[in-house]
Amino acid sequence: MLGRTANGLYWMFRYIERAENIARLVDAGQRMSLTRSGANEDDDWDGVLQSAGVREAYDEVHGKLTGADAIDYLMRDRSNPSSVMSCIDYGRNNARMVRTALTRDTWEATNECWIELKTLLGKRLKTAEVPEMIEVIKRRAGLIRGAFHGSMLRNELYNFARIGTFIERADNTARILDVKYYVLLPSISHVGSSLDNAQWESILRSVSAHRAYKWAYDPEYKPANIADFLILNGQMPRSLAYCYEKIVSNIGYLGTEYDQRLPAHDTADAIRKMLQTLTVKSIMDQGLHEFLEDFVSRNNKLGAEISEGYRFYE
C-alpha cells in the first residue's frame, strides 16, 4: 500500500470525525450558555474556543467575543482550518485523492455530505437554526462511517481509517470534558448545584451519552461518575479507554501485516496501559484539567508518530 494512500485515508477520517466533533463542541457550548443568564453568556464561548484550540486565531478575525461570532467561526468560517466546513472540505479532498481505494458507497456518502453542508453553511446561521444544523452534521458523518464500515475490506486501509477516527475522537472527548470542568464552571460554590447538574447533563447530551450514562450509573449526575464514564468506561464508544482499545487493536493489525513495530505502537500501548491502571479517584486527585491536558499531549504525540510512520507501509 502506498504511503500516500494511508495518509489520505487517515486524514480523511480524522477530518470527518473532527467536523462532527466541532459541531458537538458547539452543541456543548450552546447548551451550557442556555443554563446561565446575564452578562456572562458570551464569555462562556471563550472556553469553547480555547478547547477547540482556536482562541487566538478567533481574535485575529473578530475584535470582540460574542456567541454568534464564535458559532459562525467554528461552524463555517473557512479562515478557520478547524471549522466544520473547512474539515468537510479537507475530508472530501482526501477522499478524492484516495477515491480508488474507497467503495462507491463511501465516496458517495462523503460527496453528498459535502454538497449538503456547502449549501446549508453557505450563509450565517441564526441561533435557532444551530441545533438542527448540528444534527445534520452528526447524521452525515454517521452515514459516511456506516458506509465505510459496512462495505470495506478489513485490511490495512480499514485500519488506517479507524486509527484516524479514534485518535480524533479521543481528543474531542477530552476537550469537551475540559470545557465543562475547567473553564465554564463559574465558581467552586456552584459544584453540586442545579447549574452544575445542568451543565453535566449538557456534556453528556453533547456526546450522545445522556441515556447510556443512566443505564450504567446512578441517575443522579455525579462528576466522578461522569468522568469515569467518559474516560475509563470501556463500554462507552466515545470514552478515552474505548478509543485506545480500538487504536491499539488497529495499529497492532498493521504491525502484524507488515512485520514492523514502530514508535507509535509503544506510545499507543503506554496510553492504553495508563488508562487501564488509573482510577477516577486518582484522576480527580491529580486534577481533571491537568489529567486532560496531559492526555491531549500524549494523544497528539501518537498522531505525529502515525504520520511519521506512513513511509513504512509501502
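The expected span of a helix is 1.5 Å times one less than its number of residues, and helix 13 (residues 263-277), with 15 residues, reaches 21 Å from its first C-alpha to its last, close to the 21 Å expected. The structure that contains this helix is a predicted model, and its chain holds 15 helices and 0 strands. Of the 314 residues of the chain, 56% count as buried, and residues 24 or more positions apart account for 67% of the contacts with a separation of 6 or more.

**Confidence and surface**

- The mean pLDDT of the chain is 88, and 89% of its residues reach 70 or more.
- Over residues 186-192 pLDDT stays under 50, and for this stretch the model has 9 contacts beyond four places in sequence. Where pLDDT is low, the predicted coordinates should not be read in detail.
- The accessible surface of the chain comes to about 14,000 Å², and carbon and sulfur atoms contribute 48% of that surface.

**Helices 13 and 15**

- The buried residues of helix 13 are A264, H265, T267, A268, I271, M274 and L275, and these residues pack against helix 11 (223-231), helix 12 (240-258) and helix 15.
- A174 counts as buried because its relative accessibility is 1%, and although A174 and L240 are 66 residues apart in sequence, their C-alpha atoms are 7.6 Å apart in space.

**Helix 4 and its surroundings**

- Helix 4 (residues 67-75) is mostly covered, with 8 of its 9 residues buried, namely G67, D69, A70, I71, D72, Y73, L74 and M75.
- The buried residues of helix 4 pack against helix 1, helix 2 (44-52), helix 3 (55-61), helix 5 (84-97) and helix 7.

- Not counting residues up to four places away in sequence, T5 touches V98, A101 and L157.
- Q199 is found in helix 9 (residues 194-206) and is buried, with a relative accessible area of 0%.
- Q199 and L34 are separated by 165 residues in sequence, while the distance between them in space is 9.5 Å from C-alpha to C-alpha.

**Aromatic rings**

- A search of the whole structure finds 12 aromatic pairs. In one of them, F148 and Y158 have ring centres 5.7 Å apart and planes at 0 degrees, so this pair is stacked.
- This pair links distant parts of the chain, since F148 belongs to helix 7 (residues 130-151) and Y158 to helix 8 (residues 156-184), with the two residues 10 positions apart.
- Both partners are covered: F148 is buried at a relative accessible area of 3%, and Y158 is buried at a relative accessible area of 8%.
- Ring pairs also join Y10, W11, Y15 and Y90 into a cluster.
- R92 lies over the face of W114, at 3.8 Å from the ring centre.

**Backbone angles in loops**

- Most residues other than glycine have a negative phi, and most peptide bonds are trans.
- S208 is not a glycine, yet its phi is positive at about 55 degrees, and S208 is found in the loop between helix 9 and helix 10 (210-216).
- D259, likewise not a glycine, has a positive phi of about 50 degrees and is found in the loop between helix 12 and helix 13.
- With a relative accessible area of 70%, D259 is exposed.

How values were computed: Residues numbered from 1 in each chain as written. Predicted model: local features only at pLDDT ≥ 70, side-chain atom pairs only at ≥ 80, totals over all residues. Heavy atoms only, no water. Helix = DSSP H or I, 4+ residues; strand = E, 2+ residues; numbered from the N terminus. Buried < 20%, exposed > 50% of the residue type's maximum accessible area, 1.4 Å probe, protein only. Contact = heavy atoms within 4.5 Å. Areas by Shrake-Rupley, 256 points an atom, 1.4 Å probe, with all protein chains shown as cover. Phe/Tyr/Trp six-rings, centres within 6.5 Å; stacked < 30°, edge-to-face > 60°. Lys NZ or Arg CZ within 6 Å of the ring centre and 35° of its normal. pLDDT = per-residue confidence, 0-100.
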